[in-house]
Amino acid sequence: MNTGVWMILTLLLPLMGGMLAYTFRIQAARIATGFAFLALALSSLLLINGFNWSTRFLWIPEFHLGWRVDQLALVLCTLVLLISFLVHLFSVKYMHVHEHPRYFLKLGFFTTAMLGLLMADHLLLLFIFWEVVGFASYLLIGFYHEKKEAAKSAKWAFLTNRVADVALLGAILSLGFEQSFFLSELTAIPSVWIGAGLLIGAMGKSAQLPFSGWLPRAMTGPTPVSALIHAATMVAAGVYLMLRVGPFLPEVVLTCAAIVGALTAFFGAFTAVTQHDVKQVLAYSTVSQLGFMFLGIGVGAFESSFFHLWTHAFFKAGLFLAAGVLMHHVGTQDMRQMGGLGGSMKWLMTLHVICGMALAGFPLFSGFMSKEGILQATWSWAEQQTAAGYSEAHLVSYFAFFTLFLTAWYIARQVWMIYWTPSRTVASVEGSGYHWQMGIPLILLSIASLGIVQGFHVFSSSGWVMELAGFSLAAHAGSLIPFVSSGLVLIGFVHCYGLYGPRRFYVQHYAQSTYPPSIMGRLSYFGWYVDSLYDRVLSSGYVTVAKGLHWFDKKAVDGTVNAIGVSGVVFAKFLSLVDTYVVDGFVQLTVWISRQVGRLATRIQSANVQHQIAWLIFVLILLLVFLLF
Amino acid sequence: MTSVPIHYYLILAGFLFSSGLLIVLMKRNIVFVLMGIELMLNAAHLNFAAFSRFDSKLDGQVMAVFSVVLAAAEAAIALAILLNIYKKHHTSDLEDLKELKN
């Protein structure tokens, strides 16, 4: 068989698994997981054997769509399938059995859609899968749809993405008609507007700053879904799009991407610092790390961005799965009701800490290597910009460095609050209830978060995966930046320990705390009030406009409709009058005439003899007149 | 001898006929109707006689005499019928004699 068949099979296997699971219901989890594993194996084989595939097919007359699977796409496909398989495996025990068929169908649907997005060469095809992925995300966020909060969050996420997608669609269409619809045929994009549209679309999918609100809300979905979709794969679709079109974008757009990325990275980390919900911390952390990837793209370090996408997928999925296990045991996701769990769950703590170290960017862990590339590229970009006269460019790298400090800070806080501080548990902690289906994915993801696994040299910013995906290795060496960043991470840990270590003030009152009273604390806890801003300004403005339109509708449109209705009735009445008196009148007249004629004729046969004689005479006279004249 | 011009006779005959016709059509009593018929018949006789005055053969007068005899016979029969009708229906009013209608 040729490569294309294998590719299409890889694409469809997860969906097939989900559909079979949904159809047969019993053993749904095994079927779906088995199919996910098959797809993973197939994709890995294709990757190892270095297959590339490109094809075009006729969609509507004179309009071709196309697939292209190059190394980058195949590496990402394998990543998606790997995380997807691990999440499938994890969900076997995590989800209730009666939820399995529906859950695995949606999961398989999402995986196939995501693979389609990565394999698409034609921008419209990519956009279709982009939307399908968004829809799958909507389905999975609202998985517990009987909860009002989940339904609301799903709607919020869906609508926020649609706003950004309008810009993306506009950009794709104008790009397609001006240049080419095919990613493989792209050349430098001269138009800033097209570039901005593509950037906005990517920002929506990757929850960058103006659109960031949906990702923390998406945490109402099942935790494995958060690990797969809202940490490792779907949110990285925006970064993937930027990786594809980035080299062709105008300078201005890239600078915007860098600024947005740095701001979002800072915003996410800053907000994560005060959250109480385990998953909220991780969600804002995802926003922050996606900001790092955007920053990397903005400063031109595509290979480092890609590398960060890769490592982030592992450690963030690991963190989410760890949070899932935690929630399974404690029965809550509020850190205020945890603490002191390190004793009973040592293995979980170890894995959580490994993934957390990778997230913080501690040396020897994968996150350190991938962030290093981005930081170095940012620094040299800022140097270049300063040389060109834009000294403000250094602000961007300062933001990035400060984010590094905050990242270490909030993840250290999370680990301390969950495992090391005195116990604040309300419900009694259940036995560990160890399942290998939940353990294996976590262990694998933690191993993948180690630096040795990812790179040739744990202190360089290059990994073997960059070569595999067809990027050149990052060539930054001999700078002070690794030391600075490691130092910042350490300071973050220490500073956090100073505030949240055992027997500290915050810790003793933590169970009752809501949010820090200071302005900074409130700003952080409420996420810079971005959501409130949406509610107050956009929603209320929208509602006002809608109300105005409603009023206009009621008064003007309905009035017109009513007037038309009334005039119709009046006209009908008039017509009926005409009918009754004119048309019917004619008919009645005819009837009357014929009746009169009939009466006249009946007189001839009257019973009265004299009438008959009179008629006789009359007819006789008529005859005489007729004969004589 | 100056003779009476023909149209005098005709006018008289016309008057008689018209009177007879009117009586036939208007009168309700059956006997009156019969008398009206006699009047009309006599108007016809008068015409016969009048025209015959200007005819040397006198065929008209013969015809008139013949017709008078016939009229007498007819009147006798008609009166007999009327009498029978009266006996049977106890009325001589034409309005009441509408056997056909009911």
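Reader: What makes residues of chain B count as being in contact with chain A?
Author: Two residues are in contact if their C-beta atoms, placed from the backbone, lie within 7 Å. By that rule 7 residues of chain B are in contact with 7 residues of chain A. The side of chain B that touches chain A has 5 nonpolar, no polar and 2 charged residues, where Ala, Val, Leu, Ile, Met, Phe, Trp, Tyr, Cys and Pro count as nonpolar, Asp, Glu, Lys and Arg as charged, and the others, Gly among them, as polar. The model is predicted: local features need pLDDT of at least 70, side-chain atom pairs count only at pLDDT 80 or more, and totals for chains, interfaces and linings use all residues. Residues are numbered from 1 along each chain as its sequence is written, and chains are lettered from A and ligands numbered from 1 in the order in which they are written.

Reader: Why is α15(A) called roughly antiparallel to α16(A)?
Author: Helix α15 (residues 366-387) of chain A and helix α16 (residues 393-420) of chain A pack at about 160°. Angles run from 0 to 180 degrees between N-to-C directions of axes fitted to C-alpha atoms, for helices over the stretch in contact. Those over 145 degrees count as roughly antiparallel, so α15(A) and α16(A) are roughly antiparallel.

Reader: Which classes of residue form the contact of α15(A) with α16(A)?
Author: The contact residues include A:W379 of α15(A) and A:H394 of α16(A). By class they are 7 nonpolar, 5 polar and no charged.

Reader: How do you know how chain A compares with a compact globule?
Author: The rule for a globule is 2.2 Å times the number of residues to the power 0.38, with the radius of gyration taken over C-alpha atoms. For 629 residues a compact globule would have a radius near 25 Å, whereas chain A has 37 Å. The C-alpha trace of chain A spans about 145 × 60 × 60 Å along its principal axes.

Key
Helix = DSSP H or I, 4+ residues; strand = E, 2+ residues; numbered from the N terminus. Parallel < 35°, antiparallel > 145°, perpendicular 65-115°, else oblique.
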